[in-house]
Amino acid sequence: MNKFIVDTSDTYYLNEIYSDIDKLCSRYSHILSKFTIGKTVENLDIIALKLSSNNALPKPSVLFVGGIHAREDFSVMLCMKMVDYYCKYYMEEKQFDGYDVKSILDTVDMYFIPVANPDGLNIVHHGLKASKNYEALKNMNIWGEDHTYWKANANGVDLNKNFNDGNWEIRTCVPGTEVPCSDRFKGYSPNSEPETRALVDFCNKIGFTLMVTYHCSGNCTFWADSGTHELFNGIDERIMDELHYKYIYRKTKISQDPKVYGCGFENWFRARMKRPAFCIELSPFVDGGRQHPDYLFDELVWQHAKTTGLFFAEKAAEVHDEIFGNAEKYAALTESKN
Ligand SMILES: [Zn+2]
């Protein structure tokens, strides 16, 4: 069988990513498909990939999201490389680092949104001049004064502070960061951004059992917040403890203050979908919004995180009935949502 498609040896540009998505869907056409789930501010496609071996039955499903924050390239590279590896191992019916990929994919659907913020990724790689929104963006004060620090979408909104989880009104911007493009600018209204709405609509449509969002940095996991933790009867903590036992991602304390933690995608998913969501911070901590060089991805991220997708897929199958009550209820729910 031929080699892998995704090359993470250095910077992975958006045009390469979208081209690789097409190559992957073509090579693995009977298990991998793509959907456009929305358009960005600059009218680029936001793409979701579905990895599923049997579409006949409603199955537990899990969503993985990368690149909500523009500068966090590692999260994009991880999603793309997981898709590539899981497809190949499925086809070859081989174990991947102890996981039986075929049996997992025969029981769980995996969905990936590798680049939730494509406009932002383009700005990080090519500078503001690459943006169709250049005239509006050039007066924004980039934190770090370097386009590689860009974190927001092409309206200067930090997407992971824009979700309508019930805390948007009280969600405070750190002083000095209440203007567009500063870190943590939450936007002028909740769910104001097309990228935010695309994720919300997609979750409502599919009804995922679990959601995992990848960020950088810190090698830790944000797994619960005080507003929703008690909804889950300990399911979230069981999964977190097992994740920490098997992987390097440290268990953080339960986020306590909605003014500080609120309006992230993971917080929205817990509050509105009423199911557990995990935010994994990849790679060793770096201060001040800096990122590790892209060529260190394999060393700092891949060797530690490569099976996290399979881990969460297994967990989705395990906790599915506990979350949904029973399979019939889930089937009815899936039908009505579609
Ligand atoms: Zn982030």
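How are α1 and α2 oriented to each other, roughly parallel or roughly antiparallel? The model examined here is predicted, and local features are reported at pLDDT of at least 70, side-chain atom pairs count only at pLDDT 80 or more, and totals for chains, interfaces and linings use all residues. Residues are numbered from 1 along each chain as its sequence is written. Helices are DSSP runs (H or I, at least four residues), numbered from the N terminus.

Two packed helices are described by the angle between their axes and the distance between the axes. Axes are lines fitted to C-alpha atoms, for helices over the stretch in contact, and angles run from 0 to 180 degrees between N-to-C directions. Helix α1 (residues 14-27) packs against α2 at about 15°, with the axes 11 Å apart. The two helices are therefore roughly parallel to each other; angles under 35 degrees count as roughly parallel, over 145 as roughly antiparallel, 65 to 115 as roughly perpendicular and the rest as oblique. The crossing of α1 past α2 is left-handed, a term used if the near helix is turned anticlockwise from the far one by less than a right angle, with right-handed used if clockwise. I17, D20 and L24 of α1 make the contact with V76, M80, V83, D84 and C87 of α2; residues are in contact if their C-beta atoms, placed from the backbone, lie within 7 Å. By class, this contact has 6 nonpolar, no polar and 2 charged residues. Here Ala, Val, Leu, Ile, Met, Phe, Trp, Tyr, Cys and Pro count as nonpolar, Asp, Glu, Lys and Arg as charged, and the others, Gly among them, as polar.

The axes of α2 and helix α10 (residues 297-305) come within 11 Å and cross at roughly 50°, so α2 and α10 are oblique to each other. This crossing is right-handed. On the α2 side, F74, M77, L78 and K81 meet F297, V301, W302 and A305 of α10. The contact of α2 with α10 has 7 nonpolar, no polar and 1 charged residues.

M77 lies in α2, which spans residues 73-92. M77 has 26 other C-beta atoms within 10 Å and is therefore buried; the term applies at 20 or more such atoms, exposed at 12 or fewer, and partly exposed in between. Leaving out residues up to four places away in sequence, M77 touches T8, Y12 and F297. The C-alpha atoms of M77 and H215 are 138 residues apart along the chain and separated by 11 Å.

Apart from neighbours within four places in sequence, V83 is in contact with L24, L49, L51 and F112.

Helix α7 (residues 235-246) and helix α11 (residues 308-324) have axes that come within 11 Å and cross at roughly 160°. That makes α7 roughly antiparallel to α11, and the crossing is right-handed. I235, I239, L243 and K246 of α7 form the contact with F311, K315, V319, E322 and I323 of α11. By class, 6 nonpolar, no polar and 3 charged residues take part.

Note on methods: Two residues are in contact if their C-beta atoms, placed from the backbone, lie within 7 Å.
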